[in-house]
Amino acid sequence: MTKQDLIDQIKLIAKTKYKKQIEYTSGGRTNTISKFPSVNDVLVDLMTDQYEVFVTDIEWVAPKPTTFRIMLGNSEYFFLMHTDRSWVATVEGKKFYLLNLNEKQDAINSIARVLRYGKAKGDTEASTETASAAGGAEEKIPEELPAA
């Protein structure tokens, strides 16, 4: 290996690392994802590469062990904690060690169940009030229709 080959390989590696960092900052989560790019990999494993559709925010909540709160679009959340060997997902109070394939699949199923909960409670109440207002309007229909 010549000196020029080594320089070319270093440039290639630097470009790929820099490109990944740009991709992480483009999702609106510049602070968390750029500091911890492995969070992106875990979220892709648990959800899909389009997890940004379902995730509204990623909050760094504890430095040791490194813990993140993943906020979902329906105001629900789950935690991801980085350990020495693997990641641990805590969904609805239950811990799933993502190193084990069975527990990883259980975590995926639990996250899917949380996503099925629907909109936030505030959104549900607003839609209920709108529905009741519409129901009240229906009651005001005159009992007698004019003869045609």
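**Salt bridges and fold of the predicted chain**

Asp45 is partly exposed, at 44% relative accessibility. Here, buried stands for under 20% relative accessible area, exposed for over 50%, and partly exposed for values in between (1.4 Å probe, protein chains only). The structure is a predicted model, in which local features need pLDDT of at least 70 and side-chain atom pairs count only at pLDDT 80 or more, while totals for chains, interfaces and linings use all residues. Residues are numbered from 1 along each chain as its sequence is written, and side-chain values use heavy atoms, with hydrogens and water left out.

Asp45 joins Lys104 in a salt bridge between their side chains (3.7 Å, N to O). Lys104 sits in helix H4 (residues 101-115) and Asp45 in helix H3 (residues 37-46), so the pair ties together parts 59 residues apart in sequence. Lys104 is also partly exposed, with a relative accessible area of 23%. A salt bridge requires a side-chain nitrogen of Lys or Arg within 4 Å of a carboxyl oxygen of Asp or Glu. Side chains of opposite charge can pair when their charged atoms come close.

The whole structure holds three salt bridges. Another of them pairs Glu59 with Arg69, with the closest N and O atoms 2.5 Å apart. This pair links distant parts of the chain, Glu59 lying in strand S1 and Arg69 in strand S2, 10 residues apart. Both residues are partly exposed, Glu59 at 25% relative accessibility and Arg69 at 24%. Glu92 and Arg113 also meet through their side chains in a salt bridge (3.4 Å, N to O). Glu92 belongs to the loop between strand S4 (87-91) and strand S5 (94-97), and Arg113 to helix H4, so the pair ties together parts 21 residues apart in sequence. Glu92 is partly exposed at 45%. Arg113 is partly exposed at 35%.

The protein chain contains five helices and five strands. These are DSSP runs numbered from the N terminus (helices: H or I, at least four residues; strands: E, at least two). Their order from the N terminus is α-α-α-β-β-β-β-β-α-α. Strands S1 (residues 55-62) and S2 (residues 67-72) pair in the antiparallel sense over six bridges; pairing requires at least two DSSP bridges between two strands. S1 and S2 form a hairpin, with four residues between them. Val55 stands opposite Leu72 in S2.

Of the 148 residues, 25% count as buried. The chain exposes about 10800 Å², 54% of it supplied by carbon and sulfur atoms. Accessible areas come from the Shrake-Rupley method with a 1.4 Å probe; for residues, only the protein chains shown count as cover. Met1, Leu6 and Ile10 make a nonpolar surface patch of about 350 Å². Patch residues have over 30% relative accessible area and no salt bridge; like charges are joined within 9 Å, nonpolar side chains (Val, Leu, Ile, Met, Phe, Trp, Tyr) within 5 Å. Met1 lies in the segment before helix H1 (3-25). Met1 is exposed, at 72%.

Among contacts (heavy atoms within 4.5 Å) with a separation of 6 or more, 31% join residues 24 or more positions apart. Average pLDDT, the predictor's per-residue confidence from 0 to 100, is 76 for the chain, and 68% of the residues score at least 70. Residues 21-30 fall below 50, and this stretch has 16 contacts in the model beyond near neighbours in sequence. Residues 126-142 stay under 50, with zero contacts beyond four places in sequence. Where pLDDT is low, the predicted coordinates should not be read in detail.
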